[in-house]
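This briefing describes how the parts of one protein chain pack against one another. Please consult the sequence and the structure shown below while reading.

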Amino acid sequence: MTTGAQTPRSPARPPRSRLRTFLPLGVAAWLVLEIWLLTVVAGASSGFMVFLLLVAGVVLGSVVIKAAGRRAFRNLTETINQQQSAMQSGTPPEARPNSEGNGLMMLGGLLLILPGLISDALGLLMLLPPVQKAVSRYAQRTVERKLRDAGPGTLGDAFRQARMHRPDGKVVQGEVVREDPDDAPQDPRPPLTR
């Protein structure tokens, strides 16, 4: 028995992005390609040789990640020490060259650890400094473009507002109040009551 009331409709779903549509398909194709390539190499040489290649990738990736982690920790402690000494002397801290690239080295190490020959090749490429610089520039341009295109009220807008700072590097939190001489003085607003 119905009462004549219409059932509420669910709000329309926003369309899926291309990334969410094709990422699972791409991961599945990559896995199939990795397995196929491992079987081809095992057929051409031996299964033991493939096992040694995979173990070498894990060992090399672990060494790379450990070295990148140590370098990142050393850079962090040097930066903290430099800022503390700058605060004591009252001079602004100077910029540190070559302090980036640890994340891309760790990504290269992670790709080396993943089993597969294609991921090993990509991991070795990520260890090359020219490739790291190119990937870093591309990522920086992409993030800046996404932040620039972010609408008000989004997470990207919050990041863009957080990046606003004075030329001396100090972040200024506040609110812009515009006082135009043409505007007539307004009466004070009454207090809010509940």
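**Helix packing in the predicted model**

Helix 3 and helix 4 are roughly antiparallel to each other, a label given to angles over 145 degrees, whereas angles under 35 degrees count as roughly parallel, 65 to 115 as roughly perpendicular and the rest as oblique. The model is predicted: local features need pLDDT of at least 70, side-chain atom pairs count only at pLDDT 80 or more, and totals for chains, interfaces and linings use all residues. Residues are numbered from 1 along each chain as its sequence is written, and side-chain values use heavy atoms, with hydrogens and water left out.

**Helix 3 and helix 4**

- The two axes, of helix 3 and helix 4, cross at roughly 160 degrees and come within 7 Å; axes are lines fitted to C-alpha atoms over the stretch in contact, and angles run from 0 to 180 degrees between N-to-C directions.
- L104, L107, G108, L111 and L112 in helix 3 meet S119, D120, L122, G123, L124 and M126 in helix 4, where contact means heavy atoms within 4.5 Å.
- The residues of this contact between helix 3 and helix 4 divide into seven nonpolar, three polar and one charged; Ala, Val, Leu, Ile, Met, Phe, Trp, Tyr, Cys and Pro count as nonpolar, Asp, Glu, Lys and Arg as charged, and the others, Gly among them, as polar.

**Burial around helix 4**

- In helix 4 (residues 117–126), L117, S119, D120, G123 and M126 are buried, that is, under 20% relative accessible area with a 1.4 Å probe and protein chains only, while exposed means over 50% and partly exposed lies in between.
- The cover over the buried residues of helix 4 includes helix 1, helix 2, helix 3 (102–113) and helix 5 (129–149).
- L127 lies in the loop between helix 4 and helix 5, and L127 counts as partly exposed because its relative accessibility is 25%.
- Beyond residues up to four places away in sequence, L127 touches V64, M105, L112 and Q132.

**Helix 1 and helix 2**

- Helix 1 (residues 18–44) packs on helix 2 (residues 47–89) at an angle of about 130 degrees, with their axes 7 Å apart; helix 1 is therefore oblique to helix 2.
- L38, V41 and A42 in helix 1 meet G47, V50, L53 and L54 in helix 2.
- The residues of this contact of helix 1 with helix 2 divide into six nonpolar, one polar and no charged.

**Whole chain**

- The secondary structure comes to six helices and zero strands; helices (H or I, at least four residues) and strands (E, at least two) are DSSP runs, numbered from the N terminus.
- Of the 194 residues of the chain, 15% count as buried.
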